[in-house]
Amino acid sequence: MKTRRLPIMCSTRCHAAIPHLIFLSFYLMNGLFKLASLEEEGTPSLMSWKMTMKKPLLLLATTVTLTGCAGIMPTKSDQQFSSAVHSGDYTTAAQFALEESGYDPETQTVSDILWAIEAGAILNYAGDYELSNQVFDASEKSMKEVDQESTVSNLLQTGLSMVGNDAFLDYEQTLYDGVMTNTYKAWNFMHAGDYNNARVEWNRAEERQRRAAEFFAEQIKQQEEALEGEQGDNKFDPAEFVAKTLDSAETRKMLEAQGVTFDQWKPYEGYVNPYTTYSYGLNLLLNGKSASDYNKAADAFKRVYGLTNSKQVKADLDLAKSLAKGRSSTDNMVWVIFENGESMVKEEFRLDLPLFLFTEDVAYTGIALPRLKAREQAFPSIQVEGVKTEVIADMDKIIGAEFEKNYNSILTREITRTLLKTVAQKQINDSNPLAGFATGMLQSAVTSADTRTFTSLPKQYQTAHVKRKGDTVKVKAGNFEIPVALDTSATSHIIHVKAVSPTTEPLVRVINL
Amino acid sequence: MLKLKTLAATLLALSITGCTTPTAYINAESKTENIVAGLSYADFKGAADSMADEIIANKMLDHPDERGRYIMFVSDITNDTMQRIDTDQLAKTIRVKLTNSGKFLITNAFTGGDKAVAEMRQLKDSEMVKQSSVKGAGQVYAPDFSLSGKIMQRNNTMDNNDTRIEYYFQLSLTNLENGLSYWEGERVVGKVADGDTVSW
């Protein structure tokens with residue numbers, strides 16, 4: 001099930017209206033309470049009603065602003081999207097995602113980055129490579145806007161995240177979202193036979209990987225500097241107080257009991273996505289024009305071999321080295337890329353902090369956080385002409401590592417936000433217990449975590465290669481035995497096999513080079 | 001209070017109306033105005049002009065016959081950048097300059113050239129076409145030299161987090177008779193762009 005809540009609460013930028021709607025409901029409700037009490041006292045004056053209402057209304061307005069967006073349940077389209085993907089109905093899934101992305105073919109823009117990259121990926125599976133690239137191009141434009149948001153805008157966003165909730169904000173792409181965007185685009189061009197533009201996209205994907213490695217290196221450096229700074233600073237700092245709370249063994253234990261991991265997912269060395277690097281190498285191996293290209297392919301395979309120890313990749317490495325020396329050829333060779341299962345997603349969990357135990361004024365306060373939820377692989381491996389595929393990239397590892405890297409900042413925002421909301425709720429409660437109770441209920445209902453994730457990725461990528469003997473090769477995936485026809489006028493071939501589950505028939509596509 | 005409201009209204013009006021840039025002509029060759037992180041006409045023109053001048057001035061490429069001209073085939077120029085460019089943007093300027101120099105002729109008869117050279121020879125079997133006007137066999141000249149190369153891009157992050165972008169225009173002129181390179185040229189265009197985002 002897709003856990004994103006965007007269509008209700010923030011599918012584009014309409015979410016700003018949600019708090020106002022909530023505010024209006026409470027305004028009316030609290031007004032009725034006040035009127036009823038004034039009537040009992042026999043002074044139904046509008047002026048006195050206004051005066052009495054002023055403070056609770058201000059507090060309510062604050063609270064409602066603090067609580068932010070309200071959507072909780074996944075929408076119909078979310079469910080239809082994920083079930084369409086899971087059943088291999090990529091045409092239907094693409095229609096849903098495209099609609100939700102707000103893609104405008106005339107202006108070549110999208111209004112929702114996450115739905116747009118979902119649409120791009122699904123359109124690739126559906127075989128509409130041209131549209132897939134158009135949507136991905138539009139997504140990259142939006143990603144660039146997110147990257148270039150000014151300091152003022154970032155400060156505002158940080159402020160908003162403090163008073164709303166993380167899902168209230170526009171989706172900010174992860175680093176692997178960007179890398180995979182260019183990787184998909186490159187494969188789209190490969191499928192369409194446009195190897196020149198494919199090369200450009202591989203270069204872009206590799207550049208995004210370089211930037212990602214530098215980003216994480218800088219992040220680690222900043223964290224170390226922050227730690228050093230804290231040691232000599234004796235001043236009271238609320239942020240530091242929150243950080244200490246988060247770092248406490250008790251908090252960590254409580255979160256780990258909920259399935260939160262902090263260092264389970266080690267990133268690939270250098271924050272490399274080996275699938276992207278492998279694909280870059282394979283493109284140079286098969287479309288290379290010079291020894292320099294084959295050497296680059298060898299470098300790429302060497303990196304992937306170092307990360308995966310795959311014998312298949314070692315053979316690719318040897319082949320690239322041999323081609324660089326003018327020996328060997330790739331004639332009649334068939335590579336299989338296997339996209340296995342579905343990648344990890346995020347789900348919400350709640351830790352209710354029953355503050356009423358300490359003070360009778362507060363009925364409820366709670367914290368909602370995201371955690372990772374693994375999905376199934378389709379098969380341990382598949383076979384092409386009896387040769388087993390081997391893992392070249394574990395997307396769960398990449399997703400998990402980036403998520404864990406950012407988890408402390410998610411926690412910090414959520415704890416701080418919860419404190420703010422609770423204080424506001426208590427103040428309303430002091431002024432009007434009934435409104436305070438209702439606000440508590442509202443806070444409970446609207447507390448939610450940001451679980452938006454790029455869900456169309458596979459759990460793993462695997463590869464194998466064989467030499468073809470005839471005009472077909474046999475692919476065996478679980479109980480499915482698929483004869484794949486090859487164009488014998490081509491010199492080499494790439495077969496993409498995508499299996500989302502053990503029971504759904506795999507999707508097979510061929511590139512004849 | 002009134003001032004605050006006026007300020008708020010002004011800000012709101014500004015945020016609604018936004019800013020628009022009026023359409024205007026620019027100097028496409030300028031390297032000081034309207035600069036982009038990607039490759040522009042100014043970059044192609046600068047690199048191609050100076051490389052073509054070098055080829056024309058190269059004494060090794062003087063034809064032994066005073067009235068003779070070498071025939072050149074423009075082979076593959078690979079785009080190894082992160083920009084979706086057409087490498088003809090580089091090749092065309094060079095072709096124009098070489099042709100206009102009077103020292104070279106460019107052949108369009110082969111791969112990537114004008115398909116009509118081969119296709120129109122199929123007219124030899126056409127009843128419609130005056131056969132004496134059909135271009136015959138053995139008339140097309142084979143080239144003497146081949147021009148090939150690539151455009152590369154290298155990005156690096158500087159200490160202030162900006163991105164230093166380098167574009168390398170690399171070309172080789174190969175004598176097709178002996179396979180030796182008679183001229184090699186490289187031009188580097190360097191730029192600095194905001195490091196917060198990608199350079200395309």
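Chain A contains 17 helices and 11 strands, and buried residues account for 45% of its 513 residues. An open sheet of five strands in chain A includes β1(A), a strand that is mostly covered. On the side of chain B, 15 residues are in contact with 13 residues of chain A.

**Confidence and overall make-up of chain A**

- The pLDDT of chain A averages 82, and 76% of the residues score at least 70.
- Residues 1-53 of chain A have a pLDDT below 50, although this stretch has 83 contacts in the model beyond near neighbours in sequence.
- Residues 63-74 of chain A likewise have a pLDDT below 50, and this stretch has 48 contacts beyond near neighbours in sequence.
- Where pLDDT is low, predicted coordinates should not be read in detail.
- Of the contacts in chain A between residues at least 6 apart in sequence, 75% join residues that are at least 24 apart.

**The five-stranded sheet of chain A**

- The sheet is open and has mixed pairing, with its five strands in the order β6-β7-β1-β10-β11 of chain A.
- The edges are formed by β6 (390-394) and β11 (507-512) of chain A; each has a single partner strand, so one side of each is left without a neighbour in the sheet.
- From one strand to the next, the twist averages 20 degrees.
- Strands of a sheet pair through backbone hydrogen bonds, in either a parallel or an antiparallel sense.

**Strand β1 of chain A and its partners**

- Strand β1 (residues 333-340) of chain A pairs with strand β10 (residues 492-499) of chain A in the parallel sense, over eight bridges.
- Along this pairing, A:W335 stands opposite A:I494 in β10(A), and A:E339 stands opposite A:K498 in β10(A).
- β1(A) also pairs with strand β7 (residues 460-467) of chain A, here in the antiparallel sense and over eight bridges.

**Helix α13 of chain A**

- Helix α13 (residues 274-287) of chain A has 14 residues, which at 1.5 Å a residue should span 20 Å; its end C-alpha atoms are 20 Å apart, in agreement with that value.
- Because 13 of the 14 residues of α13(A) are buried, the helix is largely enclosed by the rest of the structure.

**Two loop residues with positive phi**

- Most residues other than glycine have a negative phi.
- A:S328 has a positive phi of about 60 degrees although it is not a glycine, and it lies in the loop between α15 (311-324) and β1 of chain A.
- A:N332 lies in the loop between α15 and β1 of chain A, and its phi is near 65 degrees, a positive value in a residue other than glycine.
- With 15 other C-beta atoms within 10 Å, A:N332 is partly exposed.

**Contact between the chains**

- The contact between the chains involves 15 residues of chain B and 13 residues of chain A.
- On the side of chain B that touches chain A, the elements giving two or more residues are β1 (70-80) and β3 (145-157) of chain B.
- The largest share of that side, four residues, comes from β1(B).
- By class, the side of chain B that touches chain A has three nonpolar, eight polar and four charged residues.

**A buried phenylalanine in chain B**

- B:F169 is found in strand β4 (residues 163-175) of chain B, and it counts as buried because it has 24 C-beta neighbours inside 10 Å.
- Apart from neighbours within four places in sequence, B:F169 is in contact with B:A47, B:L90, B:I151, B:E186 and B:R187.
- B:F169 and B:T20 are 149 residues apart in sequence, and their C-alpha atoms are 35 Å apart in space.

Conventions
Residues are numbered from 1 along each chain as its sequence is written. Chains are lettered from A and ligands numbered from 1 in the order in which they are written. This is a predicted model: local features need pLDDT of at least 70, side-chain atom pairs count only at pLDDT 80 or more; totals for chains, interfaces and linings use all residues. Two residues are in contact if their C-beta atoms, placed from the backbone, lie within 7 Å. Ala, Val, Leu, Ile, Met, Phe, Trp, Tyr, Cys and Pro count as nonpolar, Asp, Glu, Lys and Arg as charged, and the others, Gly among them, as polar. A residue is buried if 20 or more other C-beta atoms lie within 10 Å of its own, exposed if 12 or fewer, and partly exposed in between; C-beta atoms are placed from the backbone. pLDDT is the predictor's confidence in each residue, from 0 to 100. The expected span of a helix is 1.5 Å times one less than its number of residues. Two strands pair if DSSP finds at least two bridges between them. Axes are lines fitted to C-alpha atoms, for helices over the stretch in contact, and angles run from 0 to 180 degrees between N-to-C directions.
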